[in-house]
Structure formats: C-alpha cells, structure tokens
Amino acid sequence: MPGIVIVGAQWGDEGKGKITDLLAEHGDAVVRFQGGNNAGHTIVRGDQEWKLHLIPSGILYPGKRCVIGNGVVIDPRVLIDELHALRARRVDVSGLRISANAHLIMPYHLLLDSAGEAKLGSLQIGTTRRGIGPCYADKAARLGIRVQDLLDEKILKKKIVAAMEPKRQSLRPFEKDPALDLHTMTEEYLTFGHQLEQHVADTSKLLWEMLDAGKKVILEGAQGAMLDIDHGTYPFVTSSNPLAGAASVGTGIGPLAIEEVWGIAKAYTTRVGAGPFPSELHEEMGETIRQRGGEFGTTTGRPRRTGWLDLVALRYATRLNTLSALVVTKLDVLSGLDRIKVCTRYRGPEGAVFEDFPYHQTVLHHTTAELMELPGWSEDLGECRTPSDLPDAAREYLEFIAEQAGVPVALIGVGPGREQVLWTEAGRQTLLGEDAVAVSGRSAL
Ligand code: GDP
Ligand code: IMO
Ligand code: MG
C-alpha cells in the first residue's frame with residue numbers, strides 16, 4: 001500500500017509542485033488533501049510554465065488519476081477556470097476526481113476574509129484573501145456547503161440561508177453586493193455543480209481501491225509545516241493542517257497506507273505574509289536572495305520575505321511530519337556567495353538558547369537566529385545532473401542539512417526545470433526501488 005506524502009517543511013513555496021510533478025511519473029494517482037487556492041504550485045517543463053492552485057500537480061500526465069480530497073476547500077469558480085485554462089493548453093483533465101465531501105468557498109467567505117484582515121489593521125495575518133479561513137471556520141461550525149450540495153437545489157438554498165444567517169451583522173457592509181443575493185448565488189453555484197458533476201466521486205473509496213491493488217498514490221501537501229494551524233506560528237498560519245498527518249484525514253485513507261513522507265525545503269527560507277521569522281534577512285542579502293530566487297508569490301505576486309536556512313524550524317518540521325527524506329530545492333540560488341549562513345539555534349531574551357522550536361508565542365517573537373557560517377561556492381549549478389557534479393562546498397552544505405535534520409536528502413533542486421533535479425542514492429532507493437548500499441544522513445550523497 002504505497003502512499004507517499006509530499007509536504008512543505010518551511011513556510012510554503014518550497015517547490016512542492018515541481019517535485020510532485022516529477023514523482024507523479026512514478027505514481028498512479030496524485031491527491032491534494034488540504035488547503036485551497038491559497039496554494040500556488042509551479043511546474044516548469046521546457047519553455048512552458050504551469051501555475052496550479054487547486055488541481056493536483058499530476059494533471060500534466062495524460063489520463064493520470066488526480067484527486068481533490070475531502071480536506072480541500074474548493075472555490076468552484078477558480079476550479080472551473082483552472083480546468084478551462086488547462087483544456088485550452090490541451091491538457092487532458094478527464095482523470096480528475098473531486099470528493100463529494102469537500103467544502104466550498106462561497107462569495108461571503110471571500111468578503112469576510114478581506115473584511116477580517118482590514119479590521120485587524122497592522123495586526124493582519126497577510127492572508128491570500130481567497131476565503132480559506134472563513135470556509136474552514138464554517139466547516140468546523142457545521143455550516144459549510146459541500147460539493148455534494150451543488151447537486152441538490154433545495155438543499156443548497158437551505159444551507160446557504162443557514163450559513164449566512166449568523167453572519168448577517170458582519171456582512172451588513174456588503175448588503176448591496178450582487179454576489180450575496182440568494183437567488184443569484186444559488187443559480188450560479190448550481191451551474192458550477194453541473195459543470196463539475198462529471199468529476200465528483202467517492203474519492204476515499206477510489207483511493208482505497210487503488211492502494212489495495214498495490215498502486216502508488218502521491219499525496220500533495222499545500223503550504224508548509226510552519227503554517228500549520230496547530231503547530232505553526234499561530235495566529236500567523238493558514239486554517240488547515242499542512243502536515244503529513246492530515247493526508248490521511250483529508251483523503252479518507254488510513255495512516256498505515258502511508259509509507260513515505262518527503263519534506264520539501266529550500267536551501268534558504270522564505271515566508272509570505274506576517275508572523276515571526278527568526279532567520280529573516282532585512283539587509284541587502286535578503287533582497288539579493290529575493291531577486292536571484294524570483295521570490296514573489298505564485299498566488300498573490302507579493303514579494304516573499306527571505307532569510308537563511310532555519311534548521312531549528314526544519315528539525316521541528318522533520319519531527320512533526322516524521323519525514324523519511326528531505327528534498328532541498330533552489331540550491332542554485334546560493335551560488336556565488338562567499339560564505340553561507342545557517343541558523344542552528346535561537347537565542348531568546350536574557351541569553352536563553354533554543355535548540356528546539358519554542359512552544360510559547362511570546363518567546364518565539366523575541367528570539368533571534370544564532371548563525372553559523374559555512375563555505376560557499378562560485379559555480380553555477382544549473383547544469384549539474386548528479387550529486388557528484390556539485391562543488392564540494394555545495395555537497396558539504398547538503399550533508400550538513402541532512403545531519404542536522406537527521407534524515408537523508410533524496411532530491412536536490414538546481415533550477416526550476418524538470419531535468420534540474422538530482423537524485424541521490426537515498427532517493428533512488430526509496431522511490432525507484434533501485435538497489436543501493438545502506439544509506440542514511442551523511443552517506444546519502
Ligand atoms: P510550491 O508552492 O511549494 O509548489 O512552490 P512555488 O511554485 O510557489 O514556488 C517555488 C518556485 O521556485 C517556483 O517558481 C519554481 O519554479 C521554482 N523552483 C522550484 N525548484 C527550484 C530550484 O531548484 N531552483 C530554482 N532556481 N527554482 C526552483
Ligand atoms: P503553497 O501551497 C506560502 C500564507 C499566507 C498567510 C497565511 C494565511 O503555494 O506553498 P490563508 O490565505 O491561507 O488564510 O493565509 O498563509 N499562505 C501561504 N504562503 N505558500 C502557500 O501555499 C500559502 N498559502 C497560504 O501568505 O501568511
Ligand atoms: Mg506556492
């Protein structure tokens with residue numbers, strides 16, 4: 001029953017889309033299990049670039065089974081647009097299946113997300129304003145509208161009325177917004193239902209049958225561990241659990257079906273939106289990394305905050321996910337730096353030292369990164385095709401990361417392209433089942 005989970009091990013945008021697309025070649029299904037169109041996953045194939053927000057990153061393989069699991073929140077308008085855009089580029093989307101239990105983002109969720117942020121003023125979270133938080137809030141309050149409700153006009157109308165009732169006060173400023181008119185909304189969502197109906201299925205059963213038949217299922221996370229609503233930098237987090245544990249609940253497959261958990265991390269750190277970021281670079285180096293790495297949001301276009309690799313956060317993400325391997329992306333971005341810094345621990349007020357991620361928010365807000373220097377390299381890495389092509393200093397950097405995280409590096413990213421991913425022995429052995437000498441930590445490269 002080989003289920004493999006791909007998760008972000010930082011604050012999102014680690015390169016999950018690219019890695020999922022790459023691994024999908026060896027898988028039978030690709031499944032999203034949480035988040036919504038707050039995600040922006042980029043895939044580069046040759047001179048073509050794809051930006052996916054809701055549809056799993058396996059869709060570029062003709063006929064590949066792609067599933068939007070029950071844990072995802074779906075804005076049907078965005079999903080339909082994404083399907084249209086893919087069809088227009090001659091992508092076969094017939095393999096897509098959508099869980100009937102997934103919750104829907106409604107027009108009032110979008111309005112409430114923006115209004116909530118405006119109200120917070122300088123304390124705002126910096127959400128993507130896609131209605132994610134309000135939609136998950138309704139799900140928990142049992143006021144959500146689900147995909148299956150689109151297929152029953154009477155129920156849909158009743159549920160919309162029930163969901164809007166407790167929001168009357170907060171929606172008052174938008175009273176005249178035509179998007180909130182009950183009749184218009186119901187009609188529009190029924191139309192969405194007709195357009196999506198062919199893709200709606202019992203995806204939990206479908207996935208179970210695939211796993212039971214020995215097929216390989218790839219579960220594609222969105223966001224990253226540090227944005228997890230339970231374990232991340234709350235309240236500066238998203239409203240779902242981007243951790244591997246959620247892959248089971250968010251798809252309806254049991255946890256024992258998951259054999260591998262691969263965490264994706266950049267060779268440095270980025271974050272979009274507000275919240276603590278101990279290893280953040282405010283000086284020129286931060287801008288250098290932003291420009292070289294093209295660190296601007298896939299979904300909102302916002303400049304990403306940048307910083308050195310945070311090993312305290314990475315060790316935390318490794319533990320929370322029980323990562324079996326790491327994928328280090330964007331190593332190429334660090335070429336040309338004399339020295340590379342990494343954050344190995346945090347320093348708090350009065351000299352306190354934190355090897356582990358502090359559980360208390362106030363403490364975390366007052367920590368600074370303790371940095372260690374490692375030798376850099378000048379070579380361009382874009383043409384490297386195996387780990388042995390890398391300069392010694394780059395290999396040593398990866399070995400240091402693997403040792404600190406306590407898990408082997410399986411793949412290394414040296415550019416946005418598909419061919420710019422280097423497989424280590426650990427990666428080949430785990431995913432491709434190739435024979436290799438026992439590998440772990442240092443020897444993985
Ligand atoms: P995701 O949300 O985790 O899928 O990541 P995004 O797509 O939002 O952001 C990652 C960005 O980095 C995209 O523009 C990718 O094309 C790009 N990328 C991924 N891996 C690498 C890499 O190894 N090197 C470089 N230079 N770019 C990469
Ligand atoms: P991918 O899957 C990076 C961030 C937002 C904000 C916080 C809450 O592309 O890695 P939300 O709209 O979810 O309520 O916003 O979470 N955020 C992301 N940051 N990558 C993402 O997705 C993100 N999805 C949400 O910037 O700080
Ligand atoms: Mg992204």
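Tutor: Before the ligands, one term: a polar contact is a pair of N or O atoms within 3.5 Å, and within protein one of them must be able to donate a hydrogen and the other to accept it, with residues adjacent in sequence counting only if both atoms are side-chain atoms.

Student: Okay, and what kind of model is this?

Tutor: The model is predicted, so local features need pLDDT of at least 70 and side-chain atom pairs count only at pLDDT 80 or more, while totals for chains, interfaces and linings use all residues. Residues are numbered from 1 along each chain as its sequence is written, chains are lettered from A and ligands numbered from 1 in the order in which they are written, and side-chain values use heavy atoms, leaving out hydrogens and water.

Student: Which polar backbone atom is 2.8 Å from an oxygen atom of ligand 1?

Tutor: That backbone atom belongs to Gly40. The side chain of Arg304 also has an N or O atom 3.3 Å from an oxygen of ligand 1, and a backbone N or O atom of Gly413 is found at 3.3 Å from an oxygen of that ligand.

Student: And how much of ligand 1 does the protein bury?

Tutor: The protein buries 92% of the 580 Å² that ligand 1 exposes when taken alone, with accessible areas from the Shrake-Rupley method and a 1.4 Å probe.

Student: Which residues come nearest to ligand 1?

Tutor: Gly15, Lys16, Thr42, Thr298 and Asp332 come nearest, out of 20 residues around ligand 1, where being near requires a heavy atom within 4 Å. By class, this shell has 7 charged, 9 polar and 4 nonpolar residues; here Asp, Glu, Lys and Arg count as charged, Ala, Val, Leu, Ile, Met, Phe, Trp, Tyr, Cys and Pro as nonpolar, and the others, Gly among them, as polar.

Student: Which helix and strand each supply at least two residues of that shell?

Tutor: Those are α1, spanning 16–24, and β3, spanning 41–45; helices (H or I, at least four residues) and strands (E, at least two) are DSSP runs numbered from the N terminus.

Student: Staying with α1, how many of its residues are buried?

Tutor: In α1, 9 of the 9 residues are buried, so the helix is largely enclosed by the rest of the structure. Buried means under 20% relative accessible area, exposed over 50%, and partly exposed in between. Among the buried residues of α1 are Lys16, Gly17, Lys18 and Asp21.

Student: Now ligand 2, what is closest there?

Tutor: The closest residues are Asp13, Lys16, His41, Thr128 and Thr238, from a shell of 20 around ligand 2. The classes in this shell are 10 polar, 7 nonpolar and 3 charged.

Student: Which polar atoms of the protein lie 2.7 Å from oxygen atoms of ligand 2?

Tutor: One is a polar side-chain atom of Lys16, and another is a polar side-chain atom of His41. Asp13 takes part through its backbone, with a polar atom 2.8 Å from an oxygen of ligand 2. On its own, ligand 2 has 550 Å² of accessible area, of which the protein covers 98%.

Student: Asp13 again, so where does that residue sit?

Tutor: Asp13 belongs to the loop between β1 (3–8) and α1, and is partly exposed at a relative accessible area of 22%. Although not a glycine, Asp13 has a positive phi of about 60°.

Student: Which peptide bond is cis here?

Tutor: The bond from Tyr234 to Pro235 is cis, with omega near 5°, and Pro235 lies in the loop between β10 (217–220) and α9 (245–249).

Student: Changing topic, is Cys135 buried or exposed?

Tutor: Cys135 counts as buried, at 1% relative accessibility, and is part of helix α4, residues 132–140. Its C-alpha atom is 12 Å from that of Lys167, a residue 32 places away along the chain.

Student: And Gly95, where is that?

Tutor: Gly95 is in the loop between α2 (76–88) and β7 (96–99), and is buried with a relative accessible area of 4%. From Gly95 to Pro62 the C-alpha distance is 7.9 Å, across 33 residues in sequence.

How values were computed:
Buried means under 20% relative accessible area, exposed over 50%, partly exposed in between (1.4 Å probe, protein chains only).
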